[in-house]
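Here is a brief report on a helix and its surroundings, followed by the aromatic contacts. Please view it alongside the structure.

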Amino acid sequence: EQSPGSGNVYTLASVREDLVRQEDTIIYGLIERAKFPSNSHTYDEKYAQIPHFCGSLVEFVVKNTEALQAKAGRYKNPEENAFFPENLSPSIVPSYPFKQFLHPGAASININKSIWKMYFQDLLPLLATPGDDGNYAQTAANDLSLLQAISRRVHYGKFVAEVKFRDSPEDYEPLIRAKDKEGLMKLLTFTSVEESVRKRVEKKASVFGQEVSLESVDNDNKKRKFDPTVASSLYKNWVIPLTKEVQVEYLLRRLD
Ligand SMILES: O=C(O)C(=O)C[C@]1(C(=O)O)C=C[C@@H](O)C=C1
């Protein structure tokens, strides 16, 4: 049996399994970013002064990394969405035949601008302790991998929505024709699933964030690599709502 990653079966169970696995990536990304202090120079256009480039160090790293990854074929995979899609050259490597599972309208959905804004305005202040250790390039690289993990998770809503649509087109079609966003939102929502996601994320964050030592230590006194409630608020306030927004946007285009 082939996994969705290798291009074949998508079911509600398999896409949910994939979302669970992506939690690990996001939590490790949070842990890695929390290793560095806020390093505000990374985000300061006036500090950077990069020749022939207008913007902050993080923008410099993200734009150039995306340009390179685009050439290496990253965005050929419909699960990937760039933060600066305007600047990308086409892939120059042989292409893999990704299965066309999504409706073609999916390609026009990219909410990375909202993710970017949320990341720098809301998430970083919760995650990074104030301070400066000079590791701006490393900080920017960690920001990018965490941004990419969050973006992949949120845009995976396209796959979730397609599976739900195929499972019951008769429920979705009238709402899509009526452009009834609220009705679609209600139909695609499973409150108990969301609650399990939030609880599991907080539990994983507290397990993965533990100091592992060979002596047995009283659990409560263990040093934590970051505050696990940051992970659950990230999911509650942003990741889940944005995933649902992607699902609604996708469904609205589903019959075009
Ligand atoms: O599992 C689903 O059905 C999803 O649509 C994913 C998700 C989530 O983002 O975790 C979003 C909406 C649902 O209410 C439940 C969970």
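Predicted model: local features only at pLDDT ≥ 70, side-chain atom pairs only at ≥ 80, totals over all residues.

An α-helix has 3.6 residues a turn, so residues three or four places apart point the same way.

What covers that buried set?

## Aromatic pairs

The structure holds 13 aromatic pairs. In one of them, the ring centres of Tyr 10 and Phe 159 are 5.1 Å apart and the planes meet at 35 degrees, so the pair is tilted. Tyr 10 sits in the segment before helix H1 (12–34) and Phe 159 in helix H6, so the pair ties together parts 149 residues apart in sequence. Both residues are buried.

Phe 84 and Trp 116 form an edge-to-face pair, with 5.3 Å centre to centre and 80 degrees between the planes. Phe 84 is in the loop between helix H3 (57–71) and helix H4 (112–127), and Trp 116 is in helix H4, 32 residues apart. Phe 84 and Trp 116 are both buried. Ring pairs also link them into a cluster with Tyr 43, Phe 83, Tyr 119 and Phe 120.

## Charges over rings

Lys 63 lies over the face of Phe 84, 4.7 Å from the ring centre. Arg 16 lies over the face of Phe 190, at 4.9 Å from the ring centre.

How values were computed. Residues numbered from 1 in each chain as written. Heavy atoms only, no water. Phe/Tyr/Trp six-rings, centres within 6.5 Å; stacked < 30°, edge-to-face > 60°. Helix = DSSP H or I, 4+ residues; strand = E, 2+ residues; numbered from the N terminus. Buried < 20%, exposed > 50% of the residue type's maximum accessible area, 1.4 Å probe, protein only. Lys NZ or Arg CZ within 6 Å of the ring centre and 35° of its normal.
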